[in-house]
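The sequence and model are shown first, and the notes follow by topic.

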Amino acid sequence: MTIRKAEERDIEAVCAITVAAWTPIYETYRRELGDEIFETFFSDWQSGKRASVTAAMRGERGYVTERDGRVVGFISYFADTRTKTGVIGENAVAPDCRGQGIAGAQYAFVFERMREEGLTGARVTTGLDESHAPARRAYGKAGFEAGMPSVTYYRNL
């Protein structure tokens with residue numbers, strides 16, 4: 001397994017992982033919010049996620065994880081040098097590769113990059129719904145302990 005700077009040639013594979021990894025999440029959103037509100041806020045979620053992940057991978061802190069010549073995961077982060085903290089951004093592991101230590105390796109890699117930049121803390125945001133349970137488990141294994149619950153409300157106008 002190798003973690004390296006993302007390159008343009010990786011974008012298609014990263015976008016495929018993105019859609020596969022986030023489909024269950026957006027299915028949960030549809031069930032919880034109902035079709036009408038879902039369509040208002042998330043009707044084109046795949047294009048939006050592809051765009052945000054592509055931007056993250058093209059940025060200076062976008063990385064892919066490769067195994068046997070295949071991109072099996074990706075991760076990005078942002079650094080706030082004023083507060084000396086980092087924020088894990090877009091990240092996922094191919095669904096057929098979960099449970100193999102890839103996410104943990106990505107987080108360890110990013111934590112080391114953060115330390116090299118002089119950052120002293122890291123945070124990540126995820127959902128509390130059941131479809132985000134794998135992400136919460138991975139973040140817990142990576143050492144994230146303290147968290148603040150949050151809720152987002154939606155409505156049509």
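**Sheet, helices and core**

Lys5 has Tyr63 of S2 opposite it. The model is predicted. Its five strands make up an open sheet with mixed pairing, ordered S1-S2-S3-S4-S5. The largest nonpolar core contains 40 residues.

**Sheet layout**

- S1 and strand S5 (121-123) are the edge strands, and each of them pairs on one side only.
- On average, neighbouring strands of this sheet are turned by 30° against each other, with direction ignored.

**Strand S2 and its partners**

- Strand S1 (residues 2-5) pairs with S2 in the antiparallel sense, over four bridges.
- Within this part of the sheet, Arg4 has Val64 in S2 as its bridge partner.
- S2 and S3 also run antiparallel, joined by six bridges.
- Gly62 has Ser76 of S3 opposite it.
- A hairpin is formed by S2 and S3, with two residues between the strands.
- Asp68, in the turn of that hairpin, has a positive phi of about 55°.
- S2 is mostly covered, as five of its six residues are buried.

**Helices on the sheet**

**Nonpolar core**

- Within the largest nonpolar core, the residues with the most contacts are Trp22, Met57, Phe74, Ile88 and Tyr107.
- Helices that give two or more residues to this core are H1 (11-33), H2 (35-42), H3 (45-58), H4 (102-116) and H5 (133-141).
- Strands that give two or more residues to this core are S2 (62-67), S3 (70-80) and S4 (85-93).
- The most is given by H1, which supplies nine residues.

**Surroundings of Ile88**

- Which residues does Ile88 touch, not counting those up to four places away in sequence?
- Among them are Ile75, Ser76 and Tyr77.
- Ile88 also touches Tyr107, Val110, Phe111 and Met114.

Terms used: Residues are numbered from 1 along each chain as its sequence is written. This is a predicted model: local features need pLDDT of at least 70, side-chain atom pairs count only at pLDDT 80 or more; totals for chains, interfaces and linings use all residues. Side-chain values use heavy atoms; hydrogens and water are left out. A nonpolar core is a set of buried Ala, Val, Leu, Ile, Met, Phe, Trp, Tyr and Cys residues joined through side-chain atoms within 4.5 Å. Buried means under 20% relative accessible area, exposed over 50%, partly exposed in between (1.4 Å probe, protein chains only). Contact means heavy atoms within 4.5 Å. Two strands pair if DSSP finds at least two bridges between them. Axes are lines fitted to C-alpha atoms, for helices over the stretch in contact, and angles run from 0 to 180 degrees between N-to-C directions.
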